[in-house]
Amino acid sequence: MSLTEPIVLGIESSCDETGVGIVRGNKLLANAVSSSMDEHVRFGGVIPEIAARAHLEAFVPTLQQALDTAKLTLDDIDAIAVTSGPGLAGALMVGVSAAKALALATDKPLYGINHLVAHVGVGVLEGTVLPPTFGALLVSGGHTEILKVTSLTNDVQLLGSTIDDAAGEAYDKTARLLGLGYPGGPAIEKAAKEGDRKAFRFPRGLALPKFVGTADNPGKNRHNFSFSGLKTAVARCVEHFQANGEEIPVADIAASFQEAVVDVITSKAVRAAKEHGLKTLLLGGGVAANTRLRELLAARCASAGINLVVPPFALCTDNGGMVAALGAQLVADGVAPSGLDFATDSSQPVTNIVLQSGN
Amino acid sequence: MTNYLVIDTSAHASVALIDSDSGNVIGERTSPKGNDQTETLSSYVKELLDTHSQRGQDLAGIIVGVGPGPFTGLRVGLVAARTFGFVWNVPVHGVMSLHALAERVIDAGDAPKEFLVASDARRKEVYWARYNNTGVLLDGPHVAAASTLDAMPLYGVGAGIYAEVLRELGATPVEASFDWIADARYLAPRALQLLGDGADLSDTSPMYLRESDAQVPAFMKKDKL
Ligand SMILES: [Zn+2]
């Protein structure tokens with residue numbers, strides 16, 4: 001195989017998207033995604049059992065579709081990568097079992113890799129050149145993290161993460177409260193466009209001095225997030241209007257909620273990047289689609305002298321292309337494959353980029 | 001001579017290589033644990049193929065147990081079987097997993113005229129089916145509490161877990177079978193017989209027998225606030 005431009009097939013099944021992507025080095029050849037999102041709408045959130053059932057049915061057709069798009073056969077593939085975690089255990093197991101069967105049947109090396117690092121790894125696709133050390137801000141229905149990436153293949157550090165809900169979950173829960181449907185992200189953003197983001201001052205989680213400390217003497221939660229207080233504040237606000245028999249100002253609440261989320265996310269991410277000397281920040285995860293988040297992050301990065309990188313939206317949501325992209329980096333760096341015996345790890349830490357056999 | 005690869009993960013990860021003409025077991029591996037299907041299955045398959053110099057693409061086909069069984073483990077086997085079939089371009093045949101328990105009862109000799117088999121469905125229930133002593137499926141598969149089963153001879157790990165309840169019902173849980181799970185080697189005879197009769201086993205849909213348990217929450221039922 002070409003070590004510099006290996007052809008890698010990536011498999012993703014950590015949540016509600018079944019993804020199979022194929023890359024050649026840093027070039028994306030195919031990115032087939034089958035989503036069970038429509039099946040979760042009436043529940044107002046992802047139901048793990050429904051997601052796992054859908055992965056089983058979608059896997060082989062999605063694999064076929066990716067091969068067709070790339071105009072390749074399995075013989076052309078040099079290595080296979082699969083998300084081993086973090087994610088929903090039952091969903092991960094479908095993708096990992098499929099990946100192992102595929103690796104065994106085709107006699108290709110298999111890499112069990114970290115989903116969060118894959119969200120960052122996608123940044124090398126489409127001609128983007130990333131500096132040796134950079135920061136990453138991941139915001140989605142399942143994660144809210146700030147990472148320091150010294151090497152995509154062997155040195156990723158978690159600078160901050162949410163201590164309760166992910167940002168996307170906060171959007172979903174608030175959308176429910178406001179009767180805006182699921183998924184919450186696009187619904188809140190649409191409603192917020194008609195509203196005044198200064199109408200209500202909702203709390204910014206873990207922003208008080210006792211949590212953040214100072215640069216020299218940082219508090220434990222300096223770079224961490226919390227959205228549960230915000231959710232409660234929105235609920236109280238809604239109840240207040242209901243109790244008074246007044247109409248609920250949905251647009252203003254949506255806009256003010258969104259401002260609280262993006263304000264705290266962007267300010268903490270930029271501060272973490274500055275304090276760790278990170279000159280480039282990559283934004284990943286499904287919430288990267290949020291216009292207000294990108295707008296405020298771009299402005300704050302610009303004034304802090306940080307170069308902001310935002311991959312195309314289709315590569316920000318969960319997909320197999322990002323798994324393949326990180327897999328290709330690992331192959332190119334000569335990292336040992338994971339073998340066939342590894343287990344899924346639903347809470348795999350970012351420091352564990354690729355599973356090693358015997359783990 | 002061609003062989004079938006048999007996979008069942010409705011209980012533990014269980015794999016066998018079977019001679020398609022004689023039905024003889026060429027090799028087999030079954031995990032002693034019920035929660036390591038993802039870790040063990042592909043390694044077991046690799047070991048069997050390597051040990052017996054069997055190329056996947058030369059298999060007569062793949063026989064897979066479609067359950068019923070705990071969902072997560074069941075899916076691990078099904079997605080692997082479908083993937084093997086896709087890559088090797090060999091047919092995948094789905095067979096109901098409780099047949100393996102019935103086959104074992106008959107294979108052990110002196111099977112009662114009619115009997116039940118039961119596997120562990122967790123949540124205080126069993127997956128069960130009723131057979132006669134020639135292996136004909138008379139009823140099932142179903143999922144139910146052991147206390148609702150008919151009072152008759154009962155085999156399988158499900159009989160062991162609820163032996164006391166079953167005895168109170170007047171049923172006869174057969175102690176020698178209390179560690180019997182759906183085993184790939186016992187799934188094969190039924191599959192070979194069905195295939196010999198020209199049956200279409202191409203449906204490998206899992207037999208969940210239970211809904212996903214997801215409830216539409218009250219707040220989603222309201223149109224508006
Ligand atoms: Zn993700």
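**Figure 1. Surroundings of A:Q348 in the predicted model.** A:Q348 touches A:S84, A:G85, A:P86, A:I113, A:N114, A:I353 and A:L355, leaving aside residues up to four places away in sequence. Contact means heavy atoms within 4.5 Å. A:Q348 sits in the segment after helix 12 (320–332) of chain A. Helices (H or I, at least four residues) and strands (E, at least two) are DSSP runs, numbered from the N terminus. A:Q348 has a relative accessible area of 2%, so it is buried. Buried means under 20% relative accessible area, exposed over 50%, and partly exposed in between (1.4 Å probe, protein chains only). A:N114 lies 234 residues from A:Q348 in sequence, yet the C-alpha atoms of the two are 6.8 Å apart.

This is a predicted model: local features need pLDDT of at least 70, side-chain atom pairs count only at pLDDT 80 or more, and totals for chains, interfaces and linings use all residues. Residues are numbered from 1 along each chain as its sequence is written, chains are lettered from A and ligands numbered from 1 in the order in which they are written, and side-chain values use heavy atoms, with hydrogens and water left out.

**Figure 2. A:E145, a buried charge without a salt bridge.** A:E145 belongs to strand 7 (residues 144–151) of chain A. The nearest side chain of opposite charge, A:K268, is 14 Å away. Lys and Arg count as positive and Asp and Glu as negative; His and the chain ends are not counted. A salt bridge is a side-chain nitrogen of Lys or Arg within 4 Å of a carboxyl oxygen of Asp or Glu. Beyond residues up to four places away in sequence, A:E145 touches A:L116, A:A136, A:L137, A:L138, A:L158, A:G160 and A:S161.

**Figure 3. A salt bridge between A:E57 and B:R82.** The closest N and O atoms of the pair are 3.0 Å apart. A:E57 lies in helix 2 (residues 48–70) of chain A and B:R82 in helix 2 (residues 71–88) of chain B, so the pair joins two chains. A:E57 is partly exposed, at 41% relative accessibility. B:R82 is buried, at 15% relative accessible area. Over all chains, the structure holds 17 salt bridges.

**Figure 4. A salt-bridge network of A:R197, A:E259, A:R292 and A:E295.** A:R197 and A:E259 meet in a salt bridge at 3.8 Å, N to O. This pair links distant parts of the chain, 62 residues apart: A:R197 is in the loop between helix 6 (184–193) and helix 7 (209–212) of chain A, and A:E259 is in helix 9 (residues 250–275) of chain A. A:R197 is partly exposed, at 39% relative accessibility. A:E259 is buried, with a relative accessible area of 11%. The side chains of A:R292 and A:E295 form a salt bridge at 2.4 Å, N to O. Both residues belong to helix 10 (residues 291–303) of chain A; they are three residues apart, so about one helical turn separates them. A:R292 is buried, with a relative accessible area of 13%. A:E295 is partly exposed, with a relative accessible area of 44%.

**Figure 5. The two chains as a setting for the close-ups.** Chain A has 12 helices and 10 strands. Chain B has seven helices and 10 strands. Of the 359 residues of chain A, 59% are buried. In chain B, buried residues make up 54% of 225.
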